[in-house]
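Here's a walk through one protein model, from the overall layout down to single side chains. Keep the viewer open as you read.

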Amino acid sequence: MRRIIVFLNVIVCFYVTDNLTAQVRDSVKVKYYVNKLYFKEPLLNVLHDFETVYGMKLRYDSAQVADCRIHRDFQSVRVSDAFKSLFDDLKGLSYYVDEDGVHCIVPAKNMPRNRTGKENKRYTGDVSRRNLLVTGRIKDQNSGEFLPFATVHVEGHPAIAAATNTDGYFTLYDVPSDTVALIFRYLGYETQYFYLSPEISVSNLFVELQPTVNLLDEVVVVAEREDVLKIPEMSIGVIQTTAAKITDLPALGEKDLFRSFQLMPGISAANESSAGMYVRGGTPDQNLVLYDGFTIYHQEHLMGIFSAFNTNAVKDVQLHKGGFDAKYGGRLSSVMEIVGKTGNDKSFNAGGDIGFLGFNAFMEMPFTDEKGSFFVAGRRSFQSFMYDKFTSVYSENQQTGMGGGPGGGRFNQRNQQKPESYFYDLNAKLTYNPTRRDIISLSFFNGKDVLDNSRESFGSSYMSGSITDKTNWGNVGSSLKWSRNWDNRFYSNLLASFSKYYSLRDRQNSTTSSSSASTTNNIAVMFNQNTGEHNNLWDYSLKFDNEYKINGKNKLEFGLTYSNYRIDYRYAQSDTVNILDMQNSGNLLSAYVQDKWTLGERLTVLPGIRLSFYDVTSRIYPEPRLQVFYKAGSRLNLKASTGYYKQFVNRIVREDISAGSRDIWLLSGDEGIPVSSATHFVAGGIYETKDFLFDVEAYYKKLYDLSEYTLRFAPSFIDNSSYQEFFYNGEGYSRGIDFLLQKKHGKLTGWVGYTLAETRYRFPVYGDGYFAANQDVTHEFKTVWTYKPRKDFTLSATWIYATGKPFTEPVGGYKLNTPNGGEMNFIVVDKKNNARYPNYHRLDLLAKYDLSFIRAFKSSVSVSLFNVYDRANIWYKEYAYDKQTGITETNINLLGFTPNVTLSIQLK
């Protein structure tokens, strides 16, 4: 499989290089820049030059341009820009580009206006065509990037609608006539009215949308929704956002993709120590996170404070909270599909942000022949007072004991130096369009964290020592995709991808014990002082997805996926005791088919099935899915879904009471780790008016064959080969209801969200009954508001309240002498997750000002205040046992009041 992917990369690189070389050869004949003075030159002569000298394909009526003259002095102007500028003086003419790339010049009165609002002029002539099939692409007016998941519908006929795919293509069936208006919408952009006319080709329309932030105050527009996060029509459990809208929300040091989604109901936000997605009772590993088609396995920076995705590199995101369709597989809870930016295909652009935490920058540029673009973005943290605030939990109230991490022990040791830490990530994407129907893209992601928590430690008057503690973890991945629009009905994607996750931790504890008589370096005095934990995951995948639009009522999707997995995990203590040493690999072959079928005017069904063959177990796993939508009225839509889901790569909890549990990636199918599964049931409705949206969804999710690892039931002394026996299996369920009330547009926008939920697990090893899962939150309330008194100024506020999460509380402890003369401290615990932390709440504020008075470039400054009233929310508790004092409890708190200032600058 790896050789196939390498071979495909070599072939595509050769193809792109060959095409670029050919274009360089052709550039000897065809000029890309115009250097000529046209002094009252007849337009016919000018157009002839653009055809013969500059190689443009033109179509026009000579009689319509015969009387026109051009007076322009071009000095090294790009051909496309020069041609466009011709029409600045030609008030009666305009042009559009057809599906073959031909620039068609027509009278301006017959052209639809790509402007916003009621001032657009409608064609008032006779109808010449009816029942049309309209196709095209939607793009950003400034950068030329195509916009995924945008919507289009016929004015006055909301049922005649379509959405663009990930490459911006749309197909709209049954358009009544060639004189209607098409309405285009995309999150963060102004609504565009595109008026058809008999002279306009309805095949391969190119519609450009204008970003909201680029409109001047004096332009009068139709008031439209200003959502930060959007719920698409005809969807269940789906939330959409764009990078442009995330900047309007308060942030903890950085604009954060995952934190924005956590403000919606059904997604837990009650823990700023984890940017991971806890969706409807699921854990982060149960979420499939796709970045340009390849899987990202670890999505956090700085011990979970930030997500690993640079918003400057993100174009669009869709999150499926549950009941997702058959196209997606391999996870039990949810799917997040991230589309990376392709870059500006019109002109060079660059920009960046700098704040108290770090800086990031991006650069984008088009190819000389305008057939592609290149984008790169990088982000890195640096040490500052704010960064030290995040890492202070590692340098205050830190205790060292059994378990090889923070936790119980005899010595109340304090760090004598701050930990050294940094993170970075890099995104790059190359997009090339060899033809009007083909797109080739190469995407790359690399994110890494490094933490050095080495320090000197001091215990009692007779004992001291030093600790070496180094950890680095991250993700690297890449995808190579070929997209082909075969015709107006059939679209294909072929993608080869690679993803690697790694986590490496080495810790050594050197303790010096002294008495009145002597001082001795005794490394082995304490049990389990030297530990190493290494986890590596490799994922090589090949995907082939297809979309065939049979007619306006049926859209068929089908595809194949092959994945090769290899996972290594080693957990050792004292350099000699391998508690776990596992290497496993497996192959997964999956196929899916689904059909979105509209029955009549009100009912739409989406049945599908996914079949997976897993060679580790040599079994075929069927996963049926079904979604149903019903239009109960002009404002009310009902929805329901159900499905069966399998997960073959799992992040297992390695329970550690004293030091805090850790998570490790392992492959299912081996002894003790079965293939996990889930059944989803979701039902709800959405009621929408001009000003408000009310959405409610109830869900029930049954979980099977969950796995956990713990040594709490192991005997005091066990053989090294027996550690693998302590994997335990169980089941669980999650149920709840999500409410959302949203104000859609105006100067004040926002929403109120509430979730009532229950997540329970049952592992026979912990007893017969169910217990609260670690991520269980009964009540969670969120309110988010954004106020824009004017175009260049934004105020935002968010408030979160949640009931406390469960944890396992100890009830006592004891001490044993080891055969080598040392001592071991043991903690005795009560029932699993028998207690709860105090309730969680915090208030965040943001003020953002666009520096519109600076004309040379776009810039803004934002001030963000996190946890304004300095609430002391508890992260976790540490416990230490001493024979004389008993159990000592230490609260490790989450972040208190944290300010941040960010300056953002970009050329365009």
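## The model and the overall picture

This is a predicted model, so to speak of local features we ask for pLDDT of at least 70, and side-chain atom pairs count only at pLDDT 80 or more, while totals for chains, interfaces and linings use all residues. Residues are numbered from 1 along each chain as its sequence is written, and side-chain values use heavy atoms, with hydrogens and water left out.

The protein chain has 7 helices and 52 strands (DSSP runs numbered from the N terminus: H or I of at least four residues for helices, E of at least two for strands). Of its 908 residues, 57% count as buried; buried means under 20% relative accessible area, exposed over 50% and partly exposed in between, with a 1.4 Å probe and protein chains only. Take the contacts (heavy atoms within 4.5 Å) between residues at least 6 apart in sequence: 66% of them join residues at least 24 apart.

## Two nonpolar cores

A nonpolar core here is a set of buried Ala, Val, Leu, Ile, Met, Phe, Trp, Tyr and Cys residues joined through side-chain atoms within 4.5 Å. The largest one has 41 residues, and Phe-261, Tyr-291, Met-336 and Ile-338 touch the most other members. Elements that each supply at least two residues of this core include α6 (257-261), β14, β19 (334-340) and β43 (793-802).

## One face of a helix

Which residues of helix α2 (residues 43-52) are buried? They are Leu-43, Val-46, Leu-47, Asp-49 and Phe-50. Looking down the axis of α2, these buried residues fall within an arc of 155° and so line one face of the helix; the arc is that of the directions from the helix axis to the C-beta atoms. An α-helix has 3.6 residues a turn, so residues three or four places apart point the same way.

## Rings and charges

A search of the whole structure turns up 38 aromatic pairs. Rings of Phe, Tyr and Trp (its six-membered ring) pair if their centres lie within 6.5 Å; planes under 30 degrees apart count as stacked, over 60 as edge-to-face and the rest as tilted. Phe-146 and Phe-206 make a tilted pair, 6.1 Å centre to centre with 55° between the planes. Phe-146 lies in the loop between β6 (130-140) and β7 (151-154) and Phe-206 in strand β12 (residues 205-209), so the pair ties together parts 60 residues apart in sequence. Phe-146 is buried at 14% relative accessible area, whereas Phe-206 is partly exposed at 25%.

Tyr-297 and Trp-665 have ring centres 5.3 Å apart and planes at 90°, so this pair is edge-to-face. Tyr-297 sits in the loop between β15 and β16 (300-301) and Trp-665 in strand β36 (residues 662-667), so the parts tied together are 368 residues apart in sequence. Ring pairs also link Phe-258, Tyr-291, Phe-294, Phe-309 and Phe-445 into a cluster. As for charges, the charged end of Arg-137 sits over the ring of Tyr-169, 4.2 Å from its centre (NZ of Lys or CZ of Arg within 6 Å of the ring centre and within 35 degrees of the ring normal).

## Buried polar residues

Ser-483, in strand β26 (residues 463-485), is buried at 1% relative accessible area. Its side chain makes a polar contact with that of Asn-493 (2.4 Å); such a contact is a pair of N or O atoms within 3.5 Å, where within protein one must be able to donate a hydrogen and the other to accept it, and residues adjacent in sequence count only if both atoms are side-chain atoms.

Asn-360, in strand β21 (residues 358-366), is buried too, at 4% relative accessibility. The side chain of Asn-360 makes a polar contact with the side chain of Asn-312 (2.4 Å).

## Positive phi

Most residues other than glycine have a negative phi. Asp-292 has a positive phi of about 50°; Asp-292 lies in the loop between β14 (287-291) and β15 (294-295) and is buried at 12% relative accessible area. Asn-867 has a positive phi near 55°, and Asn-867 is buried at 0% relative accessibility.
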